[in-house]
Amino acid sequence: MTDADDIPVLISSAGRRGALVRSFQQAGGASGRVVVHGCDMQPDLSSGCMLSDFAHQVPRCTDPGFIDRIEQIVRENGIRMIVPTIDTELAAYAAAADRLASAGAQVHVSPPEVISVVRDKLSTMQTLSAAGVPVPETCTEDELRDAPTRLGWPVFGKPVGGSASRGLGIYANLQELPARFPEPMMFQPVLSGPEYTVNIFIDRKGSLRCVVPHLRIQTRAGEVEKGRTERRADLRKIAEGIHRALPSARGVLCFQVIDDADRGPQVIEINARFGGGYPLAHHAGARFADWLVQELGGKASDANDAWREGVTMLRYDDAVFTG
């Protein structure tokens, strides 16, 4: 079990996040040893949980008993910080942050007003546009059907509340749109150009401390497989605009940009959590996990923007064996 100086951290929905688990296991330093607990619906089938020091089973994050189970894990194991990793659990954690803090655990999540914006992709576009952040022109399904030429064709459609590349589609003309969609949709012009993920760190006082863009050289299932860090002043400026647009955001966030040949860099999405490509930023020197542990311990933060440019990540398949 854990020692008195240990820092128990719970990685929620650990899934395949083995690299994130290792990042936290290495993060303690002078603050103490970080002991990582992982939780998932099927922890025995989660490589992230198997690589954690301890693993716990939880119900789906939409289950009415999800937070009750998380609180039980917190109290029984002295968890001091919870790190959500998937979009669909952010709202539950943001709403329960005070309750879990009373149980002893700080939740690494922005407040509900931020989560409500970033979990609604239409609201995200409207909020960023109002703040002067470059985003593609966006309309609802009804607006597109009422004015079919407003975006030109083809158009890119995605669910307003989507996640993990679910429900994405490109439609060449009005006739290709289905008679009805199963959920609210939004549409944008089809952008073309290199795609970037930008990982950012906002400290507990609300200062933007680090901005790390990386080129998404190759992706698999929506997650970067090959990437390279690039220091770009224009992407830094966009990050500062997002910071102004969401002033109560805290901790780690990431956003996606397509550097369109005609329009220039356009923000297409924000995730208010660790992105799947975080290990690249971590290896380049942007050690967000360490900085969160420092803040948790009330230590002076080492957060900085002195990460290394030109660091390349080449992911490969590996496995955890049990039994």
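The legends below describe an overall view and several close-up views of a predicted model.

Residues are numbered from 1 along each chain as its sequence is written. Because the model is predicted, local features need pLDDT of at least 70 and side-chain atom pairs count only at pLDDT 80 or more, while totals for chains, interfaces and linings use all residues; side-chain values use heavy atoms, with hydrogens and water left out.

View 1. Helices (H or I, at least four residues) and strands (E, at least two) are DSSP runs, numbered from the N terminus. The C-alpha trace spans about 65 × 45 × 40 Å along its principal axes. The radius of gyration of the chain is 20 Å, which agrees with the value near 20 Å that a compact globule of 323 residues would have; this radius is taken over C-alpha atoms, and the globule rule is 2.2 Å times the number of residues to the power 0.38. Of the 323 residues, 52% count as buried, where buried means under 20% relative accessible area, exposed over 50%, and partly exposed in between (1.4 Å probe, protein chains only). Among contacts between residues at least 6 apart in sequence, 64% join residues at least 24 apart, a contact being heavy atoms within 4.5 Å.

**View 2. The open sheet of five strands, in the order β3-β2-β1-β4-β5.** The pairing in this sheet is parallel; two strands are taken to pair if DSSP finds at least two bridges between them. At the edges stand β3 (54–57) and β5 (106–107), each of which has a single partner strand, so that one side of each is left without a neighbour in the sheet. Strand β2 (residues 34–40) runs parallel to β3 and is joined to it by four bridges, and here Cys39 stands opposite His56 in β3.

**View 3. Strand β7 and its antiparallel partners, β8 and β9.** Strands of a sheet pair through backbone hydrogen bonds, either parallel or antiparallel. Strand β7 (residues 155–159) is mostly covered, with four of its five residues buried. Three bridges join β7 to strand β8 (residues 169–171), and in this pairing Phe156 stands opposite Ile170. Five bridges join β7 to strand β9 (residues 185–189), with Val155 standing opposite Pro189.

**View 4. Gly276 in the loop between β14 and α10.** The loop that holds Gly276 lies between β14 (264–271) and α10 (278–283). Gly276 has 16% relative accessibility and therefore counts as buried. When its neighbours within four places in sequence are left aside, Gly276 is in contact with Arg17, Glu223 and Arg315. Leu20, although 256 residues apart from Gly276 in sequence, is 8.7 Å apart from Gly276 in space, C-alpha to C-alpha.

**View 5. Glu223 in strand β12.** Strand β12 covers residues 223–229. Glu223 is partly exposed, with a relative accessible area of 30%. Not counting residues up to four places away in sequence, Glu223 touches Arg216, Gln218, Gly276 and Arg315. The C-alpha atoms of Glu223 and Gly297, by contrast, are separated by 32 Å, and these residues are 74 apart along the chain.
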